[in-house]
There are 2 protein chains.
Amino acid sequence: MAQSFEMRFSGWGVDADAGELSPHVVDWLESRFHRTLAPRVAPPKPDAVRLRKSKLSGKAASKLAERVGADNVRTDHASRLLHCAGKGYPDLLAMRSGARLAAPDAVVYPACHDEVRSIIDLCGREGIAIVPFGGGTSVVGGVSPIRGGFESVISLDMQRMRGLVKLDEASRIGVFGAGLHGPELEHLLRARGFTLGHFPQSFEYSTVGGWVATRSAGQASSGYGRIDEKLLGARLVAPAGELDLAARPASAAGPDLRAIVAGSEGALGVITEVSLSVSPAPEVTRYEALMMPTFEDGANAVRALEQEGVAPEIARVSDAAETEMGMAFAGVEGVKGKLLDGYLRGRGAGSGSLVILGWEGAAGTIEPRRREALSVLKRHGAVGLGAGAGRTWAKHRFSTPYLRDHLIERSVMVETLETSTTWANLMNLYVGVGSALAAHAPVVGCHISHLYPSGASLYFTFVAPQEHADAHAQWQSVKHAACRAIVEYGGTITHHHAIGVDHRAYLVDEDGETGVAALQALKNSLDPQGLMNPGKLL
Amino acid sequence: MAQSFEMRFSGWGVDADAGELSPHVVDWLESRFHRTLAPRVAPPKPDAVRLRKSKLSGKAASKLAERVGADNVRTDHASRLLHCAGKGYPDLLAMRSGARLAAPDAVVYPACHDEVRSIIDLCGREGIAIVPFGGGTSVVGGVSPIRGGFESVISLDMQRMRGLVKLDEASRIGVFGAGLHGPELEHLLRARGFTLGHFPQSFEYSTVGGWVATRSAGQASSGYGRIDEKLLGARLVAPAGELDLAARPASAAGPDLRAIVAGSEGALGVITEVSLSVSPAPEVTRYEALMMPTFEDGANAVRALEQEGVAPEIARVSDAAETEMGMAFAGVEGVKGKLLDGYLRGRGAGSGSLVILGWEGAAGTIEPRRREALSVLKRHGAVGLGAGAGRTWAKHRFSTPYLRDHLIERSVMVETLETSTTWANLMNLYVGVGSALAAHAPVVGCHISHLYPSGASLYFTFVAPQEHADAHAQWQSVKHAACRAIVEYGGTITHHHAIGVDHRAYLVDEDGETGVAALQALKNSLDPQGLMNPGKLL
């Protein structure tokens, strides 16, 4: 098995890509916190982490090995450690805490759909809970090895199922093994002249099955659409049977089960294969940055782009706080920093709203759209900052999670959360959630990054010194306040991170008691014993 | 209550719009059938139709009247007759048959969401089945007053709930009462500068609640999207509770319940209100017609338009048989007829494929798109026929169902069915279903009318002399053969007509046994007694 898709247990990605904490970041945070950051505490060595004892019976282990081969049933410390948690802030705290961790009792690596079927059947008979595991990038507790009512739990790592099963070029449909990771998927498609156009921040480590299970959006969703919009067909293995939904452009045959597979979060079954709309690989990619007078101007401008049909593939509008934070983190010698400094000096520091645009498409199709878009943006007060700042953003588009690791090592709480609402309610929600966060964190920034004709997403980052007494309780209290504000101000509890463990209490605010009961009935039908991903979603 | 939305019991629409059967149609069909058409048999007078006796108890009737007012609980012959059936071919046969008809035991007209709640609660206590009734235009048995296991059944006519509840112009979201009919809905929106852009053939009589319940597509779906794509929020009253789904641009909060409301077909509850994406009303509308050498050329051409992002709002490609039928029906003196005759004489009669394009949008935005599209079409061999033939199509776009009534009166079976598949499979499905139909009907035509990046719909019309011995059995046998062919050749059992009664046996081919069981579990959760629209969908 390739190890290149496996991340450090204690943080994001791999050591080689982690870089170092910039002194600009430290300086700026210390000035905002009015205190010096705590000295670095290195994460524990893997061997130093204590895991709960595996409860998988020898009999079950050998039956699993009969199905997938002994090499693909792992109970060693390293394998279990890597499947202890996702990459949410509380996960990272736990990994560094020295407390005994809830590890899966085994990690099982199926090679194909039929092996998944066979494993699930066995687990049903043996009473073993199953946690489907893609890239392990969940930030909402989606892969936590909760045993539920069962004696043991396995993590079902899908990384061996990562083929481009079929590419229907005429219909622009790709059929993918669920365990295919972002870079490999794009590599396979680009070789055939196509792209999925799906680039969540977790792109380098997450899997296409995980994207579908969590209704991922992707940074280029404004152009290529969300994963749930691209989902044309799927295979899902549930304890009670299987869904084998053919790739269809559209149908009126009752409620669409594809919309049940999307967002199923491993709690209804294991997604083994997905059929998704693909697009021609772009011939041209162009990033650029602009500055708007205010966040509201920026929001109005990108709304106009989206509603007038000239939005770029990627559109991102940072509020003044996030703009300032980004500028400070880049440092005055940064390309972005220099440009922004000049801009802000001209009009009063700290009040600009950075806009990043990413254009992707066939040669000749971008410029007409872009010209029209820029004229709309200028009507709203945009000043161009050029391609350099845009490219800087693109270069770092997948690396922000490393900064979080560095900050956690300096005892800084840094976390993100996201929501969406209608355009009419966007500023109301922005202020409501922002205020709730500001009561708990000295640094709160926000950006819009997914545009729809009817509304947009809001993505918040908040940063505060860790309260050493109970860093987890500190996080819980901010998270809870933010979730309550999202509900109160009319947002969705999650726009693209999914429900997992963290948002489970708020599903009822989203769907109502009747809706949650209906979803539970659906789950009971597909998974009568409750084997699948206990404690998530429902 | 306005009566203007109520159709003739025995056929489509109202007498005033029905027109007469053109002699061109008769001539052409007689030549194709090699026999003269039977003499006209007029439909029975309403009073001559026998209905089954109402079984609604006096007690239940008075309790219903307490809730909605005595005027809004109707058990008279005329009201019950108008709610006996939808407008499928077997419905029309039944209406004309002289057999005793299964009428609802009463027709109830709620004024608001709370009255719907109250009626459903009462029906639960009294054991009365409920058939939600919008425009009554179902062609798959969706409004048939089946009692299921209950003593009686009411038809719940939503026509009093037809407000534009709210228009959020910034977010382009309209909130509509479920009973709002097409023309009234468009009138309300146009007055505010918007359109829903949803124009199914049933537009003049069907309702927005019915569109959502059946996942309607609309003739302009290529431009404005299907109703399920436009659905952002909904209220559904189920026996077990309510779904009150806020209008949201996007979310990752588990499986999307909006996709369960869409296609619920009255079997999960009553849709009382829907929030839908709306668009600016078009400043310019332009229809035109072209001729392609073959149907396959036409399919390839519109695929290119759709995938290159220059498709018109309406795109329709008729095969040679439908092209010939349309030309024959219009007659040689028809604008279309003359143009087509000239074209076909030039290249050998009978092999052309008629393409209708409809452009809608802001002034200045159509011409660039249109020029690009025409150049694509010409690459595929298109010859322009001008705007006249396009306008002729647009003028008659909602009136084809009247032709069916005229033909039924001359003992002709005329029926349509529709499916969709990927582009790669389109011709395979076309040939497969077409052959199945041709074994039963001398006249079979087809058109593509809804484009997606991944595929398209196929809409078949088939015409045959009625077999008087058992016209219903004749229909059943063709329908069954066509459905089996759709399944065998990889189509969806319905692209926009819904499941209803007619496609119920094929839902398992669509969703599998596990999928159907999951939907049944969902229904049991929302409607534990099975009150809602018995015998439809599941």
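# Close-up views of a predicted model

**Leu236(A) has Ile271(A) as its bridge partner in β10(A).** The model is a predicted one, in which local features need pLDDT of at least 70 and side-chain atom pairs count only at pLDDT 80 or more, while totals for chains, interfaces and linings use all residues. Residues are numbered from 1 along each chain as its sequence is written, and chains are lettered from A and ligands numbered from 1 in the order in which they are written. Strand β10 (residues 270–277) of chain A runs antiparallel to β8(A), with six bridges between them. Strands (E, at least two residues) and helices (H or I, at least four) are DSSP runs, numbered from the N terminus; two strands pair if DSSP finds at least two bridges between them.

**The sheet of chain A that holds these strands is open and antiparallel, in the order β5-β6-β10-β8-β9.** Its edge strands, β5 (164–168) and β9 of chain A, each pair on one side only. Direction ignored, neighbouring strands of this sheet are turned by 10 degrees against each other on average. Helix α20 (residues 507–526) of chain B lies across β8 and β9 of chain A, at about 140 degrees to β9(A). Angles run from 0 to 180 degrees between N-to-C directions, with axes as lines fitted to C-alpha atoms, for helices over the stretch in contact.

**In the interface, 70 residues of chain A are in contact with 70 residues of chain B.** Contact is counted when the C-beta atoms of two residues, placed from the backbone, lie within 7 Å. Elements of chain A that each supply at least two residues to this side include β8 (231–238), β9 (241–245), β16 (412–422) and β19 (455–465). The largest share of the side of chain A that touches chain B comes from α20(A), with 15 residues.

**A second open sheet of chain A has four strands in the order β1-β2-β4-β3, with mixed pairing.** The edge strands β1 (73–74) and β3 (128–133) of chain A each pair on one side only. Two bridges join β1(A) and strand β2 (residues 106–108) of chain A in the antiparallel sense, and Val73(A) has Val108(A) as its bridge partner in β2(A). Helix α6 (residues 113–126) of chain A lies across β2, β3 and β4 (152–157) of chain A and runs at about 150 degrees to β3(A).

**Strand β4 (residues 152–157) of chain B has six of six residues buried, so it is largely enclosed by the rest of the structure.** A residue is buried if 20 or more other C-beta atoms lie within 10 Å of its own, exposed if 12 or fewer, and partly exposed in between, with C-beta atoms placed from the backbone. Ser152(B), Ile154(B) and Leu156(B) point one way from β4(B), and Val153(B), Ser155(B) and Asp157(B) the other way. In a regular strand the side chains alternate between the two faces of the sheet.

**The strand pairs of β4(B) are parallel, with β2(B) and with β3(B).** Strand β2 (residues 106–108) of chain B is joined to β4(B) by three bridges, and Val107(B) stands opposite Ser155(B). Strand β3 (residues 128–133) of chain B pairs with β4(B) over six bridges; here Phe133(B) stands opposite Asp157(B).
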